[in-house]
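Student: Could you take me through the biggest pocket in this model, slowly, and then show me what sits around it? I'd like the cut-offs as you go.

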Amino acid sequence: MTHTSRIALAGILGALALSGAAHAQGYPTKPIKLLVPFAAGGTTDLIARIVAEPLGRALGQPVVVENKGGGGGSIGAAETARSQPDGYSLGIATVSTTATNPAINPKIPYNVLTDFTPIVNIAATPNIIAANPKFAGKNYQEFLAEVKKNPGKYSYASPGNGSITHLMMEMFKLSTGTDITHVPYRGSGPALNDAVAGQVPLIFDNLPSALGFVKEKRLVPIVVAAPQRLAALPDVPTFKEVGLAPVNRMAYYGIVGPKNLPRDIVDKVNAATRKVLQDPAIKKRIEETGSLIVADTPEHFFEEIKAELAVYKDVVQKQNLTMD
């Protein structure tokens, strides 16, 4: 960790010891809100709801999931940033809310590195490029040859402008010298529907929402962002395998609080979450979505957020991307 990182992290996690002791004593004594900055039904909501009930049991008070979508997750994330640092208003942070959206949108109403207290990264999810069955390419080599041969001819759907998969495809285009037109949607659902219907030939999406269509052969899997080949898709290579390691990035889902959250509360929620994630039944439910358990420290989660933000700021700059 660099000297600058230590200073920044100290500012986030180093709440006054006196304040920590005062707030954490007996915490929690009432229900805790866990805000999901997206509509119900997506991967973020799914992960939050799997964890919320057992986390409430571990902490001794209910953990209540509340959805507040809009602005690519920034509206809900801003609410978490503005909340009181007492441990009763926590939020789910994603790559979209803490890296890609802030990287492309200068009007985001929070500072990712100073306005949140990272607590724990729950899980990470693979991302996938998939094609409509009518698309000429049926595997990565054919897909790459087809888009290289026809610059600007093909388009891809994403869950929205500034979403993780929008910027990952821009990273892919930068790395391969390809030209594929972005068609942003208001979420994975409508993007997937149009890709399946053939309105858009390609899609870059989180694996959990796309996997059902792939299994039904309504979409053809091309390449995945994952540490290694997935058991559900053993014939599909990772970006690293095809020589694109920088694009081989996962989507994370972690718990954060507002800045100045007392360290005792951070540690209590972190320990309880990690305990929940050791439960084989909970682990199985999360892994069935295609996600991988992370269960890390607040410090590690902060470094991951900082690294992803830097990566996507670089992509936005090099591709000259804007929200328009």
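Tutor: Each of domain 1 (30-124 + 249-317) and domain 2 (125-245) gives at least three residues to the lining of the largest pocket; the domain bounds come from an automatic or database domain assignment. Keep in mind that this is a predicted model, where local features need pLDDT of at least 70, side-chain atom pairs count only at pLDDT 80 or more, and totals for chains, interfaces and linings use all residues. Residues are numbered from 1 along each chain as its sequence is written, and side-chain values use heavy atoms, with hydrogens and water left out.

The largest pocket holds about 900 Å³ of space. On a 1 Å grid over the protein atoms alone, a pocket is an open set of points with protein on both sides within 12 Å along at least five of seven lines, a cavity is a set where a 1.4 Å probe fits but cannot get out, and lining residues have an atom within 4 Å of a point. Points are joined across faces, edges and corners, and a volume is the space filled by probe spheres set on them.

There are 38 lining residues in the largest pocket, and F38, P159, R186, G187 and S188 lie nearest its centre. By class, the lining has 14 nonpolar, 21 polar and three charged residues. Here Ala, Val, Leu, Ile, Met, Phe, Trp, Tyr, Cys and Pro count as nonpolar, Asp, Glu, Lys and Arg as charged, and the others, Gly among them, as polar. At least two lining residues come from each of α3 (43-59), α5 (95-104), α8 (188-197), β8 (202-206) and β10 (251-258). Those elements are DSSP runs numbered from the N terminus: helices are H or I with at least four residues, strands are E with at least two.

Follow β10 and you land in an open sheet of six strands, ordered β2-β1-β3-β10-β4-β11 with mixed pairing. Its edge strands, β2 (63-67) and β11 (292-293), each pair on one side only. Two strands pair if DSSP finds at least two bridges between them. β1 (residues 32-36) and β3 (residues 89-94) run parallel over three bridges, and L35 has G91 of β3 as its bridge partner.

L35 and G91 turn up again in the lining of the largest cavity, along with P37, G76, A77, T80, I92, A93, T97, T98, F116 and V256. The elements giving two or more residues to that lining are α4 (74-82), β3 and α5. This cavity has a volume of about 60 Å³, and its lining has seven nonpolar, five polar and no charged residues.

Now for the second largest pocket, at about 190 Å³. Both domain 1 (30-124 + 249-317) and domain 2 (125-245) give residues to its lining, so it lies between them. Among its lining residues are L207, L211, Q228, R229, E287, E288 and L292. The lining divides into six nonpolar, three polar and three charged residues.

Two backbone details to finish. The peptide bond from Y27 to P28 is cis, with omega near 0°, and P28 is in the loop between α2 (17-24) and β1. A295 isn't a glycine, yet has a positive phi of about 55°; look for A295 in the loop between β11 and α12 (298-319).
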